[in-house]
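Open the model in your viewer and keep the selection panel at hand.

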Amino acid sequence: MARDRGRFTDEFRDSVAREVVEMSHTIVDVAKKNGVSENSVSRWVKAYRRRYPEITGEPVEISERQRLRELEKEVRELREENEILGKATAFFAKKHR
């Protein structure tokens with residue numbers, strides 16, 4: 001953990017808050033991942049949103065968060081398919097030369 005003389009550094013707090021605000025991770029998940037209390041993460045998120053209102057916007061609803069995950073999964077799958085098709089195209093292009 002990023003501690004500075006028994007306290008968390010501002011960089012660490014902002015990093016944790018960004019996971020919640022910008023990446024739409026839950027406070028519970030982020031707290032567990034970083035080994036800090038949920039209350040601390042909640043306070044850091046509130047402070048982050050006050051400092052950067054232009055970045056944070058409105059909190060993401062649960063259904064929106066789920067939809068975002070689904071879209072991210074779809075993008076990963078499409079990229080993988082695109083990569084496979086590119087390799088197949090290159091293989092067949094070599095074969096016909």
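Select Glu19: does it count as buried or exposed? Glu19 counts as buried, because its relative accessibility is 8% and buried means under 20% relative accessible area, exposed over 50%, partly exposed in between (1.4 Å probe, protein chains only).

A word on the model before going on. This is a predicted model, in which local features need pLDDT of at least 70 and side-chain atom pairs count only at pLDDT 80 or more, while totals for chains, interfaces and linings use all residues. Residues are numbered from 1 along each chain as its sequence is written, and side-chain values use heavy atoms, leaving out hydrogens and water.

**Stop 1: around Glu19**

Stay on Glu19. Its helix is α1, residues 10-21. Helices (H or I, at least four residues) are DSSP runs, numbered from the N terminus. Now show the contacts, meaning heavy atoms within 4.5 Å. Leaving aside residues up to four places away in sequence, Glu19 touches Ser24, His25, Val30, Lys33 and Asn34.

Pick Asn34 from that list. Its side chain and that of Glu19 are joined by a polar contact of 3.4 Å. Here a polar contact is a pair of N or O atoms within 3.5 Å; within protein, one must be able to donate a hydrogen and the other to accept it, and residues adjacent in sequence count only if both atoms are side-chain atoms.

**Stop 2: Glu19 to Lys33**

The Glu19 and Lys33 side chains form a salt bridge, 3.1 Å from N to O. This pair links distant parts of the chain: Glu19 sits in helix α1 and Lys33 in helix α2 (residues 27-34), 14 residues apart. A salt bridge is a side-chain nitrogen of Lys or Arg within 4 Å of a carboxyl oxygen of Asp or Glu. Side chains of opposite charge can pair when their charged atoms come close. Colour by accessibility: Lys33 counts as exposed, at 60%, whereas Glu19 is buried.

How many salt bridges does a search of the whole structure find? The search finds 5.

**Stop 3: helix α5**

Jump to helix α5, residues 62-95, and select Arg67 and Glu70. They form a salt bridge, with the closest N and O atoms 3.6 Å apart. The two are 3 residues apart, about one turn of the helix. Arg67 is partly exposed at 44%, and Glu70 is partly exposed at 40%.

Finish on Lys87 and Glu83, also in helix α5 and 4 residues apart, about one turn of the helix. Their side chains meet in a salt bridge of 3.2 Å, N to O. Lys87 is exposed at 55%; Glu83 is partly exposed at 48%.
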